[in-house]
Each structure stands twice: as structure tokens, then as C-alpha cells.
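This report concerns a single protein chain, shown below. The text that follows treats its ring contacts, a pocket and part of its strand pairing.

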Amino acid sequence: FRTMFSYIHPYAILSIVSVLITLIASITAWRQPAPGSRALSLLLLSMAIWSGCYATRWLDISVEAKIFWFRMMFLGVASIPTLFLVFALGFTRNESWLTSRNLILLSLQPVLSLIIQWTNPYHHLLYSSLHVVQNEGLVMMELARGPWYLLNIIYSYAVIGVGIFLMSQAALRSGPLYRYQYRLVLVACLLPWGGNILNEAYFSSFTNLDVAPLTFGVSGVIFAFAVLRTHFMDLIPVARSYLIETMHDGVLVLNVQNRIMDINPAMETFIQGKASSYIGKNAFEVLKPWMEKTGPIQGEKEVRTELKVPLDSSRYLDLRVTPLYDRNHALSGRLLVFRDITERKQVERRLRQVNDKLQGQLIEIGLLQSKLREQAIRDSLTNLFNRRYLEETLDRELSRAARENYPVCVIMIDLDHFKRINDTHGHEAGDLVLKAIAEVLSEQSRRGDFACRYGGEEFVITMPNITMDVAYERAEVLRQSLNLLSVPYEYYNLSVTISMGIACFPESGQTRETILRAADRALYAVKEAGRDHILCYDQLQDL
């Protein structure tokens, strides 16, 4: 084709188209917030520079212009191997190698090659000779390789080979969903390399067609397809390889229609099947044996639940369903993570068993403590409260009576001639009599009264909120009941008479000691008067 400005060879048109496509792919990759995207963008830009400068070779321009653009082309040629390796390291999640020191070391060879290329007329290390020739009416350049050219080829191929190896390993580790996209990227990387190898293998002069720049456009299309059509940089298969493939948790990736788009090896152990056989299936069908309701999968909020493995009911899984959204905040799928919590469940079960056992022991200890408290405040023979309990409780009762202004009466009881029973029939018979009297005292005590064994054959009944007259009447009824008591022992029916002394707060005293002392004095007066009688403390003044 010939225009008013210059002759345009078809190869130049192909190169220009390649430049445009590669530049579009470069801009697209730059906008992707993903590991390796910036390095990929610069790599594509270098390809565009190489292809664009190469197109000038097929234009009808001056020799000086051709030499200038030839030198500019080397900017792309020298930087592509290093940028490809940086892209491969970033994309395969090997960013730890991309330190400032390593980046400087990687940039030394491209910078040195550029310097050698621009200063070649002085040392001829890159090209030993450069001649101008005519080819199909065009002014072309013919050159011969120099020693640095061969070293640069060896170094470049070695760097590109390392990058291809890293990408291949990542592709082998990727899941079914991402393996297709990975293959696209590998093809896009291998095409220019193969074209360059072909060109170097049949190298004679630059009058021949260089296939590598023309393949950049094809690579750019493939990269653009991987980025735009399949959202390759959004889903980052390498991140999946390291994070999902090596996880012990089972992972399912669903699309908006709840079809399984990806599955990791750990999930295969739960469903006991090959991942490839589940790709594309509806998640409801696959998980139907796992759950009765599909609500957790259908919602648009993160959900967490527990379920059992259908083929192994002893295994428990924790299921976390996380909705996935695109840049426009529209639902694009769901991520299901299954975590084996069998061991945790077993530990929880053991903890519950231990806890139940501890609870039982605590209850038993509580009962024992209650029993010990009861034993501490009760008389072991009669099961009535003991003297210690009387002293503690009477103090509290008198304090409350003083605050609320009500009387408290105390009846002190003594068995008449009880020593005769012990001397005649023995202490066993005496104990039976004491128990029988204690039962009568308990039966005839009101709610709120408390009967105590004060010591030996003496008993005390405390009656809150009762007057002296009422206390006397109740004491009389109680005395008659005790006097009628007949306790069988061997061939005998044992009986006793009862003497009682009554004192009342606040008339007879203000403290526990004075009240008990007053009741004891009334009781002593009854015994002096002949026993089997009741006497109130205030009646002592009349005697």
C-alpha cells in the first residue's frame, strides 16, 4: 500500500494492529487490582513498544529514522524477559522474591543491554556489523550477531523459562474452574517466545520477517479475553492454589444459579467423589443428603450452621456460606466452606460428661455440707436443735423483735427425777424417753418456733410473737401431753413428769443471757415448789 506520505507494507499493518491490541490489553491489566497485574501491564507495554518500533522497518522512511526506531525497539526487547519473570512471581504468589535487592539485580541486565545497544558502534558487542540494503524497494538493515547478542539470548531464554516453569506449576495446582484460564495465560506467554525462537533459529538478517512482534497482538487478545471475558485477574487462580487447594477445609464455589463452579481436594474427602464429576451440578442436588433445608445456601447474608457427613454420621462439619459480589455489588455467587469439627464435638461431649459428673459431685458435696451443717446445729440423739443453735438464733430473733416491737417467749423444760430412770433401767431406757419427749415437742411446736435440747434432760422452746399468757396456756397443754406419755421398754412402760419455767422478752430481760437466766430461775422455783408445775418469771415476785 502506498500513501501520500510513505509506502506501507502489509507487515507494518499487522504490526500496528498488534500494537493497538497489546496496548488495550496493557491498559486493562493495569486497572485490575490483582497480584501481578501491574507487571503484566508493563510486560504488554514492552511488547507494544517492540511491535510498534518493528513496524517502522516496513515503512518508507529515511535510514536515520530506521536506525533510531531500531534502537528504540530494544527498550521493549531488553525489558520483556525481566518483566515476564516479575509478572510470574507476583501472579504465582511468590512476592517474597520481589525484594528491592532482587528487583535491582533483575534490572541490571536490561539496563546494561540498553547501554551496550546504544554504544554498539564503539565496541560492536551486540552487532558485529550493520549494513543498509534494498529489499522490495524498501531500505532495510542487515546485521551480524555479536558476542553480547548471544549472551543476551541465553539469559533472556533462561529468565523466561523460569517464569514459564512457575506458571506451569501453578496451573497444575489449580482447580478445574481455573485450569482453563491458566492455559490461556500460558498460551499467551508461549506464543511470542515460540515466535522469537523460530526467528532466531532461522536468523540470517533483519530483511526476514520477525514472527515474535506479530504474535504480540494474538497474545494481547488472549490476555484481554482472560481478563475481561473470564475475569481471570478477579479470581486469581494462584491465590486459590495456595489458599484453597492446600486447605483442610472443604470448599465449594457456586455461581448465581447455585451451580458448582469449583471444588477443592478436601471437599472430595467429604463427598467421597472426584471433583470433576460435580462441576456444573446444582448444589442443592449434591448437598440434599446433608441438609433438610436449603435456606442457608439461598440467602444473601453470611450464614453459619452445623451438619453431619451423610456417609459418616460420626463426623460433624461447620458450614459457612458467604455471598460473593462483583464490583457493582450484584450477587455473583457463593462460597461454601466446610470445616471438620468432629474433634471439637468430641471434646465438647467429653467436657459435658465431665461437667455433668462435676455437677453431680457438687450436688453431693452440697448435700454433705447441708448434712454437716445440720449435724453442727442439731442434737445427735433427739434431732432437735442444740444449744449452739439456740444461742445464735435467739440473738437474731431478739434483735428482730426489738426492731419490729413484738414479744418473744422462752419455755425451759426439765424432766422430773430423770436420774431414777437411768439408774433403774439404764441409759438406753433414758435415751428412749428423751427421744419420745423430743418428738412431742416437735409435733406441738408452731411454724416459727424452734425446740432445742439445752443439755442433759433440759429442753428449751422459743416462741416468737406470743404473749406470756398464751405461752403459759401452750406450756400447760404441752405439760399434760408429756405427763401422759408412756414409753415402752422391755417389760415396763416408762413415764415422767415435767417442770417448766417461762420468761418473755422484753419484760423478763433484754438479752439472750437475761431471758434464759430468767426462765431457768422460774424453772428452779418450780422444782423447789414440788415439781410437775409451770411458773412464769414475773410470778416469782408474788412467791
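Over the ring of which residue does the charged end of Arg-378 sit? That ring belongs to Phe-385, and the charged end of Arg-378 is 4.1 Å from its centre. A charge is taken to sit over a ring if NZ of Lys or CZ of Arg is within 6 Å of the ring centre and within 35 degrees of the ring normal. Another such contact places the charged end of Lys-345 over the ring of Tyr-316, 5.6 Å from the centre.

The model is predicted, so local features need pLDDT of at least 70 and side-chain atom pairs count only at pLDDT 80 or more, while totals for chains, interfaces and linings use all residues. Residues are numbered from 1 along each chain as its sequence is written, and side-chain values use heavy atoms, with hydrogens and water left out.

**Aromatic contacts**

Rings of Phe, Tyr and Trp (its six-membered ring) pair if their centres lie within 6.5 Å; planes under 30 degrees apart count as stacked, over 60 as edge-to-face and the rest as tilted.

| Pair | Arrangement | Centre to centre | Between the planes |
|---|---|---|---|
| Phe-385 and Tyr-389 | stacked | 3.9 Å | 15° |
| Tyr-389 and Phe-450 | edge-to-face | 6.0 Å | 85° |

Helices (H or I, at least four residues) and strands (E, at least two) are DSSP runs, numbered from the N terminus. Phe-385, Tyr-389 and Phe-450 form one aromatic cluster.

Buried means under 20% relative accessible area, exposed over 50%, and partly exposed in between (1.4 Å probe, protein chains only). Tyr-389 counts as buried because its relative accessible area is 17%, and Phe-450 is buried at 5%. Phe-385 is buried as well.

**The second largest pocket**

A pocket is an open set of points on a 1 Å grid over the protein atoms alone, where a 1.4 Å probe fits, with protein on both sides within 12 Å along at least five of seven lines; lining residues have an atom within 4 Å of a point. The second largest pocket has a volume of about 240 Å³, the volume being the space filled by probe spheres set on the points. Its lining comprises 15 residues, and those nearest the centre are Ser-46, Ser-79, Thr-82, Leu-83 and Pro-110. Two or more lining residues come from each of α2 (37-55), α3 (63-91) and α4 (100-118), and α3 gives the largest share, six residues. The lining has eleven nonpolar, four polar and no charged residues, where Ala, Val, Leu, Ile, Met, Phe, Trp, Tyr, Cys and Pro count as nonpolar, Asp, Glu, Lys and Arg as charged, and the others, Gly among them, as polar.

**Strand pairing**

Two strands pair if DSSP finds at least two bridges between them. Strand β3 (residues 250-255) is antiparallel to strand β4 (residues 260-263), with three bridges, and Val-253 stands opposite Asp-262 in β4. Four residues lie between the strands of this hairpin, in which Asn-258 takes a positive phi near 60°. Strand β3 also runs antiparallel to strand β7 (residues 331-340), joined by six bridges; here Leu-252 stands opposite Leu-336. Nine bridges connect β7 with the antiparallel strand β6 (residues 312-325), and Leu-317 has Asp-340 in β7 as its bridge partner.
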